[in-house]
Amino acid sequence: MSLRIFVPRDAGAVAVGADEVALVLGLAAGKRGIEIEIVRTGSRGLYWLEPMIEVATPQGRVAFGPVSEFDANSVLDAMLSGGEHPLRLGLADQIPWLKRQTRLTFARCGVIDPRSVEDYRAHDGYKGLERALTLTPDAILADVTASGLRGRGGAGFPTGIKWKTVAQTSAEQKYIVCNADEGDSGTFADRMIMEGDPFVVIEGMTIAGLTVGATKGYIYIRSEYPHAVEAMNAAIAAAKRNGYLGARIGGSAHSFDLEVRVGAGAYVCGEETSLLESLEGRRGIVRAKPPLPAHKGLFGKPTVINNVLSFAAIPFILAGGAKAYADFGMGRSRGTMPIQLAGNVKYGGLFEIAFGITLGELIDDVGGGTFTGRPVRAVQVGGPLGAYFPRALFDTPFDYEAFTARDGLIGHGGIVVFDDSVDMSKQARFAMEFCAIESCGKCTPCRIGSTRGVETIDKIRAGDRVEENIAVIEDLCNTMKFGSLCALGGFTPYPVSSALKHFREDFGPAPTRLQAAE
Amino acid sequence: MAPVYEPWDATRGAEIIAEHSHLEGATLVILHALQGAFGYVPEPAIPMIAHTLNLSRAEVHGVFTFYHDFRHEPAGRHVLKLCRAEACQAAGGDALVARAEAKLGIAMGDTTADERVTLEPIYCLGLCATAPSAMLDGRVVGRLDEARIDALVAEAQR
C-alpha cells in the first residue's frame, strides 16, 4: 500500500524548507523500500506550523509540524507506524485554530492538488460555473447582489453593482481583469489562494465573463510572486485541456480565455486604473475617474476589475450559497473575510471568519500576542495605507464601516502586529517614504507631499520646533487626503495621522522616544 | 544557483521582441523577456521595441524607467533582496538589513566591487507570517535571524 503524504508548495512553506522536506521524505521512503506518493498542496495557512505536512489515514488527514528536513525521517516512521511523535498535531481539520474558522473561500486551500482539475472537481469545484451556465446573466447578477459581496481589494464596493454596470454597457469587446497586485505588507491571501486553489479564481473570473459578456480575461500578478505566477499559468493550462477555458466552456456556447500578465515592481499598480494602464503596456499612471473602468476600462472597453478574493468568493455564491454567504457577517459587511495575521505575532497566518470579530480577539486570542513575548503596542490594519491602532481600539469589530468610523480601514484584511519596541514616528516616516518611492507622480499632493512629509518628520525626530512641525504634518495630511487622485496619496495620511493621534509621545527628540520604549 | 544570461546580441533581441509583439499591450512583456534573456534591458533594445510596436522611443523609455524591476545594466552575479516592508520591520528586519549591509560592505541598492552580490530592497514578498523574509536569486527564505542572514550572505558571496 502506498502512503499519500501532503507537503505544501506554497511560497511561505517553501521559504521555511518545504522543498527540502519533500526531498528527504522521498529519499527516506526509498531507503525503507516503501512506496509513497507526495502531493504538493497549497498551505492551510497555519504559518507558525509550516512546513506542516499531512498523511492520509482511514480516519482522515493527520498533520505534523513544523517539520524540518532533519525531522522528516522520524516523522515518516511515525506516519508508517501510526505512533506518537512530538510534532504530531492530530487530525488536520480538528486543529482548533483551523476548526474555529469559517472557510468558504479558502475551503480547499492546503487540501487539494492545485495542479489538478480532477481534484478541484472532487472537492465541489466548478459547481458554481455549472449552475451559472443554466442561469441568465440577470439571475447570476441577482445571486451576486444577494450575497452582499463587496470588493475584497479594500474599497468595499458592491460587486453585484459593478458587474451590472458592465453587463448593461454594450460593446463588442469587454474584459475581466483580476487584480493580483497584492502589494500591501501584511497581506498574502491572494498569493495563498493563487498557489493553493488557483481554479477557484479561474472559475470566478469565468462566471464574471458569462455574466457581463466578456470573452477575455487578464490576471495581473506582481513580479514579487513568482510561485503564484507559475501556479496560475499551470492551472490555466490545465483548465484549457479540460475544456474549462477557451471555446465552448463546459460544453456551452460561451467562450472565455485567460492570460497571466506580470507586473514590474510598482506598488501603485494595485490601484485599478494604474493597473489597467500597466496592462496596456504603459507607465502605471493613475487615471482620473470618471470614466469608470466599468464603462471605459482596459483598452477603453467595459471592464470588470476585481481583486483575487472577490473572484474567489464567487463560486461558493453561485453554487447556491448566496443566502448562506449573506447570513454571515454584520451590518453591511456580509460574508467572510480572509484575515491575515502577520509581523510580530505568535500564531501568524490566514484566518477566514465572518465579519464582526473584534480586533482584540484576533490579536490576543487567535494570534496569541507577539512571538517576542513582549506586549503588543500597535497594530497596522489594511497595509501601508492603513491606520495604526493602539490597544484602546481593540474592541473595534472587523467591519468596513466600524473601521471607517475610527479613522481606519480594513483594506485587504492584513494585520501587522508590533511589540512595545516600535518607534511610531519611525513608522510614520516610513509611510511617507514609501509613498514617495511608489508615487506615480501624476498629482502634486502625493508626489511632493510625501517627500515634504519625510523631511518634516525628520525635523520632529531631531527635536526641531516639534509643535510647529507637527502642525505642518497635520496640515500636509489633510492636503494629501483630500487632494490626491488615488488611494496612495489619499490614504498615506492614515498611518501618519493615527500614529500622531495615538502615539504622540513618540514624536519628539530621540531621548523622549527611547524612554517611551523602555 | 546564479542565473545565466546571454550577452547582448541585436539579432537575438529582435527575435525576442518579435516573439511577443502580437500581444495586446506588449511593452512590459517584452521588457521582462529581454531582461530574462540578458539580465538587463540593453539601451539599443529601446528603439527596437519602439519601432516594432509603433511607439515613440520616449514612450518606451518612459515605461522602462517607471518600473523598479527593469535594470539598465547587469546586476551582480547574485541578487539578494531583503524585504523592508512593515511586517518584516515588525519582526526585526531592519537590524538584519543593517547586518547584511555591514557584512557585504555596501548599502541597499548597491553591488559589491567584485560584482558578485547586488543587495536590493523589496517591498513585500507576501511571506509576512514567516517574517523577516528575503529572496536570493529567486529563492524565497523566511524566518530570518542573524545566523540565517549570515548564511545567505555567505552563499551569495561564493
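**A helix pair and a parallel sheet**

In chain A, helix H2 (residues 18–32) packs against helix H3 (residues 72–81) at an angle of about 60°, with their axes 9 Å apart; axes here are lines fitted to C-alpha atoms, for helices over the stretch in contact, and angles run from 0 to 180 degrees between N-to-C directions. H2(A) is therefore oblique to H3(A), since angles under 35 degrees count as roughly parallel, over 145 as roughly antiparallel, 65 to 115 as roughly perpendicular and the rest as oblique. This is a predicted model, in which local features need pLDDT of at least 70 and side-chain atom pairs count only at pLDDT 80 or more, while totals for chains, interfaces and linings use all residues. Residues are numbered from 1 along each chain as its sequence is written, and chains are lettered from A and ligands numbered from 1 in the order in which they are written.

Where the helices meet, Val21(A), Val24(A), Leu25(A), Ala28(A) and Ala29(A) of H2(A) are in contact with Ala72(A), Asn73(A) and Leu76(A) of H3(A) (C-beta atoms, placed from the backbone, within 7 Å).

The chain also holds an open sheet of four strands, with parallel pairing and the order E8-E7-E6-E9 (chain A); helices (H or I, at least four residues) and strands (E, at least two) are DSSP runs, numbered from the N terminus, and two strands pair if DSSP finds at least two bridges between them. Strand E8 (257–262) and strand E9 (303–307) of chain A stand at the edges with a single partner strand each, so one side of each has no neighbour in the sheet. Strand E6 (residues 175–180) and strand E7 (residues 216–221) of chain A pair in the parallel sense over six bridges, and Val177(A) stands opposite Tyr218(A) in E7(A).

Terms used
Contact = placed C-beta atoms within 7 Å.
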